[in-house]
Each structure stands twice: as C-alpha cells, then as structure tokens.
Amino acid sequence: QVQLVESGGGLVQAGDSLRLSCAASGRTFSSYVMGWFRQAPGKEREFVASISHRGVRTYYADSVKGRFTISRDNAKNTVYLQMNSLKLEDTAVYYCAANPKGAPAGGPWASGYEYDYWGQGTQVTVSS
C-alpha cells in the first residue's frame, strides 16, 4: 500500500508561483512513475505532468508546458510540481498519483487509469 500526501496549495494571484509537494510512504518510491493531475469544478480530471522513476523523462500537458516543472527527490520520497506564471484557469484541486508498474514503459503516463494510488488532493486557487 502506498500513501500519498500533497501539500503546498493555496490562494495566489495570477502570475504568481506555487510549489506543490507530494510525500509518499513506502520503500520503493524510487521505482514508481509519478504524476500530477488536476480537477476543476464541473470538469473532468486532467493530466498535468508525469516523471519517470529516476526523473530522466518528464511529460507535460500542453496547457502547462513551459510554466510547470515536475521533479522528484527519491531520497525524500517526494515529488514536486513547481508552478510559475499561474493563470486563472489553473484553479483546481491537484492530485499526485503513483504508477508502481511504470507502465507503459514508453510513457507519457497521461491516463489516470495507469495509476494505482492517489493522494487526497490540494486546492490551488488563482485569483485576478
């Protein structure tokens, strides 16, 4: 069983930055593909970013490419999402997720169905 706990959400103004963290339990975190997803009110959950188990490969949704950066520290069992130049449309609950199998091997791990474990979410609200 893997437990994921997100933190770092909050209320910010458009153009600001925010860094989300996701702490994972377990001794095999370094073998997991990790991802960030988000869900805005009235909308379906959508992929934000993913990262390979060693952090070599990263993938981003087009809507956040160039503004968000996913990273991980396997020594701390933590994955991060640095969000810069935040926009109103980035407002959502952000979830981190773990894909222990790392499947499919070629990425980009953008489907929620590829993840077995989810955190409880952290709210990010961007105001004008």
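Tutor: Let's start with a term: a residue is buried under 20% relative accessible area, exposed over 50%, and partly exposed in between. Keep in mind that this is a predicted model.

Student: Okay, so how does Asp-116 count, at 41% relative accessibility?

Tutor: That 41% makes Asp-116 partly exposed, because the value falls between the 20% and 50% cut-offs. Lys-101, at 68%, counts as exposed.

Student: What kind of contact do the side chains of Lys-101 and Asp-116 make?

Tutor: First the general idea: side chains of opposite charge can pair when their charged atoms come close. Here, Lys-101 and Asp-116 meet in a salt bridge, 3.3 Å from N to O. Both lie in the loop between E9 and strand E10, so the pair ties together parts that are 15 residues apart in sequence.

Student: How many salt bridges are there?

Tutor: The count comes to five. One of them links Arg-38 with Asp-90, with the closest N and O atoms 2.9 Å apart. Arg-38 sits in strand E4 and Asp-90 in the loop between E8 and strand E9, so this pair ties together parts 52 residues apart in sequence.

Student: Are Arg-38 and Asp-90 buried or exposed?

Tutor: Arg-38 and Asp-90 are both buried. They also belong to a network with Glu-46 and Arg-67, joined by salt bridges that share partners.

Student: Now the sheet. In what order do the strands of the open sheet come?

Tutor: The order is E1-E3-E8-E7, with antiparallel pairing. E1 and E7 stand at the edges with a single partner strand each, so one side of each has no neighbour in the sheet. For E7, that partner is E8, and six bridges join the two.

Definitions and conventions. Residues are numbered from 1 along each chain as its sequence is written. This is a predicted model: local features need pLDDT of at least 70, side-chain atom pairs count only at pLDDT 80 or more; totals for chains, interfaces and linings use all residues. Side-chain values use heavy atoms; hydrogens and water are left out. Two strands pair if DSSP finds at least two bridges between them. Helices (H or I, at least four residues) and strands (E, at least two) are DSSP runs, numbered from the N terminus. A salt bridge is a side-chain nitrogen of Lys or Arg within 4 Å of a carboxyl oxygen of Asp or Glu. Buried means under 20% relative accessible area, exposed over 50%, partly exposed in between (1.4 Å probe, protein chains only).
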